Amino acid sequence: MPIYHRLGNLPPKRHTIFEKPDGGLHYEQLFGTIGFDGMSSLLYHLHRPTMVKQVGESVDKRPQVAVERNMKSRKLHGFKVAPVDDFLDSRVPVLINSDVHVSLAAPRHSMTDYFYKNADADELLFVHEGSGTLKSMFGEVPFVPGDYVLIPRGVIYQMHFDTEDNRLLITESFHPIYTPKRYRNHFGQLLEHSPFCERDYVLPRNLQAHDEMGDFLIRIKKQGQITDYVYASHPFDVVGWDGYNFPFGFSIHNFEPITGRVHQPPPVHQTFETKAFVVCSFCPRLYDYHPKAIPAPYNHSNIDSDEVLYYVDGDFMSRNDIGPGVITLHPGGIPHGPHPGAYERSIGKKDTDELAVMIDTFKPLQITQAALDLDDGVYWKSWMEH
Ligand SMILES: [Fe+2]
């Protein structure tokens, strides 16, 4: 998160004595990425964050790949993913490679008896349906439909949902997820041509230090397996923190679309970047205003990337028979474009209400067995006129 934030009480100088009111010291923790080179925060705990009581067996959670080298465009019906009580059990990985795992989830219950930490990957949750609060050692991040919630690797958290009706698109990235570099100046501040600015971020709030001892289960994902750790102190015992590395929210509805006289390419929709994939937001916007503009995209050859679109809401202008919760995958090297009629249909249209999230990966994606169960099997030939 390229912006400084602080909550709670801190000593005036880092790495110095910070006493508790009733005696004893707070315990400082540096929470950083990329060695000591990436973004970091300094946290002050009531208890040592290292008091491990038990380590359980590890359970392998690597997704089962059904198609290792995919050569077909696919359409997955994401809303067919069944609701499941538990947040971790509800995750269904569908498209994966060594950089990123894309999963769908319809969790019903809040996490009340355990905490979770993904030590493998940054997690970008897109909230399609449902609302609630992400609780973490950094405080709380409330979320509503349309929110991205970015959780850097290593953050210990719990999801608390307001109801049982929740739908999430989850992107696990094995590289840190950033906002696009080209929208930031040398100091990290978002520039005037950025489609969003710092005020749009939902920063952690309501930091509460839990001074509790006992048995606290943290389910830790590392190397594709989940291991149950039991700690002696509550993981949310932080009295204060500051820095740049923390979870935050950003609503897709606060993305201000960049439009033009003729069709603008997908990078204008870019919202997040990594070394290995980008995330774009397709939002309601005015169409191209050249008198002869064709608002539908031209056919294009995404030769060096696989293109994933997750449809959220509205009428997606370039495709037929697409509804909310559908994922399309266009593998690299196979040109794709508007469905029959969509190109012509778009001419003269003034605006679109489409809402979608796109994930373009630079390495090919593999198809999981769970994805095949959602696949309509015929999408790849849907550009033939009937
Ligand atoms: Fe495309």
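Mentor: A polar contact is a pair of N or O atoms within 3.5 Å. Please keep in mind that this is a predicted model.

Trainee: How many residue pairs are in polar contact across the interface of domain 1 and domain 2?

Mentor: The chain is divided into domain 1 (52-63 + 80-251) and domain 2 (256-381). The contact takes 37 residues from domain 1 and 35 residues from domain 2. Across this interface, counting pairs with both residues at pLDDT 80 or more, the number in polar contact is 15.

Trainee: Which strand gives the most to the side of domain 1 that touches domain 2?

Mentor: Several strands each supply at least two residues of that side, among them β8 (100-105), β10 (122-129) and β7 (92-96). The strand that gives the most, with five residues, is β7.

Trainee: How much area do domain 1 and domain 2 bury between them?

Mentor: Of the buried area, 69% is on carbon and sulfur atoms. In domain 1, Leu-95, His-128 and Tyr-148 lose the most area to domain 2, together 20% of what that side buries. The area buried between the two domains is about 3000 Å².

Trainee: Is Glu-354 buried or exposed?

Mentor: Glu-354 lies in the loop between β26 (351-352) and β27 (355-361). Its relative accessible area is 0%. A residue under 20% counts as buried, so Glu-354 is buried.

Trainee: With which side chain does the side chain of Glu-354 make a polar contact?

Mentor: Beyond its neighbours within four places in sequence, Glu-354 is in contact with residues including Phe-282, Asp-313 and Arg-285. The polar contact, at 2.9 Å, is with the side chain of Arg-285.

How values were computed:
Residues are numbered from 1 along each chain as its sequence is written. This is a predicted model: local features need pLDDT of at least 70, side-chain atom pairs count only at pLDDT 80 or more; totals for chains, interfaces and linings use all residues. Side-chain values use heavy atoms; hydrogens and water are left out. Helices (H or I, at least four residues) and strands (E, at least two) are DSSP runs, numbered from the N terminus. Buried means under 20% relative accessible area, exposed over 50%, partly exposed in between (1.4 Å probe, protein chains only). A polar contact is a pair of N or O atoms within 3.5 Å; within protein, one must be able to donate a hydrogen and the other to accept it, and residues adjacent in sequence count only if both atoms are side-chain atoms. Contact means heavy atoms within 4.5 Å. Domain bounds come from an automatic or database domain assignment. Buried area is the accessible area (1.4 Å probe) that two parts lose on being put together, summed over both.
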